[in-house]
Amino acid sequence: MRNLLGAIRKDYGKKLASLHAWNGWIVVVLSLTGLVLLAGFWRGVLGEGRVWIKWLHIAVGLVSIVPVVYYLFLAGKHWKQLKGKPWQRFNVLVVLALLTGWFVSGVVLWQYKAAGPALSNSALLIHDLLTWFGLPYIIYHAVTRTKWLKEPHRRTVEYVRKKEELHPAAGAQPLYTRRAFIRWMVGAGLAVTLGPSFLKWLGGIIGGAVGSAPTMDELVRNDANKLIPAPEPLPASLPPAGGGAKGYFRVYTVTKIPAFTNENWSFTIDGLVDRKLQWDWTQFVELKRKVQVSDFHCITGWSVYNNTWEGIPLRELLEQAGVQPNAKTVKLYSGDGVYTDSLTLEQAHMEDVMVAVMHDGKPIPSDLGGPVRLIVPQMYAYKSVKWLNRIELIEDDHTGYWELRGYSKDAWI
Ligand SMILES: Nc1nc2c(c(=O)[nH]1)N[C@H]1C(S)=C(S)[C@@H](COP(=O)(O)O)O[C@H]1N2
Ligand SMILES: [Mo]
């Protein structure tokens, strides 16, 4: 052990410098991949590629602890060296806190199943929070302290002046090199891409935390669907039996958000059924609905609690259509024309699987999958197909959109 420590401490300066560089590159990769994962926009563009980016992010994230641990061996000496430089010491602490915070919350998110939704939810919040405050900090640090450690003597103005005196032809050594310029550009690029998502995220958090949920109101106000008549909420729905949802939905879609009218909307049950059923909107709002209160968990770590959903239990629709004995799988189609998923017949018969029409007493807005979406409270929300408009009973298995792209078929929470 002593020898190991000795070996690590030898060539201390060089090691610290290369550690710093490695760490910098790790942060760059994690930032870029992380931002792609965060921005809803990329979900549609990347499709399958997104799953690879996720695994790259997780792998590099796990590796990111190595420089931190390695640094701890050098920390004693470094700390002494930074005596009288409180800002640099502060910086070291901030960076260590950021890296460990990201690492720990990242591991929880990676192991979301073992961690459970409540823990994943706080881990995601911490992970995002550290990103929004840590990333600008690190970019600033990278830009303003370029060449620190590597060639510390170049930082001083005297060095530049002396060099000019010695080699006047060479001209002044610029304080900011091409590399620094590139970093600036990276920083500016990040700020431009980051800014809007940050504000949106912050708005959501504040809305969620304060409980006034302006984002939900906004979603309802911006409903692109024009379906008449609006469904009348049952007494258990308005005021919502669950007391109003806690948390906020991140709007996920792999396509443009579709918009429906009475003309282009219908709902179909077909395949291996005794009676193929089809409703238009005016018929569909007449169907007898029930109310349930349930939590909604996305596999990426966020949850919305105490949702009051009003809709038709899926098993009642299946009963109406009459499922034939050879049917094994309930295939679910989204009206976006792309997204599908499936449940086994047994899963589809769970009491709380609902073809939902209202959320907290209001029609489900288009951003959240309205006019009709599926709700499967006991499974991760990728099963909860938005803009649901067709249910087909089939004999074969069906692998859904995200399941084709790496999500587990086992979606149980
Ligand atoms: N049609 C469609 N349904 C979908 C998705 C989607 O991209 N398209 N995303 C799924 C995932 S992964 C989640 S977490 C929830 C998100 O629902 P929300 O956008 O209402 O928050 O919808 C699910 N259903
Ligand atoms: Mo999800």
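Let's start with Thr 308: it is buried, because its relative accessible area is 0%; buried means under 20%, exposed over 50% and partly exposed in between, with a 1.4 Å probe and protein chains only. This is a predicted model, where local features need pLDDT of at least 70, side-chain atom pairs count only at pLDDT 80 or more, and totals for chains, interfaces and linings use all residues. Residues are numbered from 1 along each chain as its sequence is written, chains are lettered from A and ligands numbered from 1 in the order written, and side-chain values use heavy atoms, without hydrogens and water.

Where does Thr 308 sit? In strand E4, residues 303-313. Helices (H or I, at least four residues) and strands (E, at least two) are DSSP runs, numbered from the N terminus. What does Thr 308 touch? Not counting residues up to four places away in sequence, its contacts include Ala 236, Val 291, Met 358 and Asp 360. Contact means heavy atoms within 4.5 Å.

Now the helices. H2 (residues 12-38) packs on H4 (residues 49-63) at about 145°, with the axes 9 Å apart. Axes are lines fitted to C-alpha atoms, for helices over the stretch in contact, and angles run from 0 to 180 degrees between N-to-C directions. Among the contact residues are Ile 26 and Leu 30 of H2, and Ile 53 and Val 60 of H4.

Next pair. The axes of H5 (residues 65-81) and H6 (residues 86-110) come within 12 Å and cross at roughly 160°. That makes H5 roughly antiparallel to H6. The cut-offs: under 35 degrees is roughly parallel, over 145 roughly antiparallel, 65 to 115 roughly perpendicular, and the rest oblique. Val 68 and Trp 79 of H5 are among the residues in this contact, as are Leu 96 and Phe 103 of H6.

Last topic: rings. The count is 18 aromatic pairs. Rings of Phe, Tyr and Trp (its six-membered ring) pair if their centres lie within 6.5 Å; planes under 30 degrees apart are stacked, over 60 edge-to-face, the rest tilted. Tyr 252 and Trp 302 pair edge-to-face, at 5.7 Å centre to centre and 75° between the planes. Both are buried. For Phe 267 and Trp 279, the centres are 6.1 Å apart and the planes at 55°, so this pair is tilted. Phe 267 is in strand E1 and Trp 279 in strand E2 (residues 277-280), 12 residues apart.

One cluster to finish: Phe 249, Tyr 252, Phe 296, Trp 302 and Trp 309.
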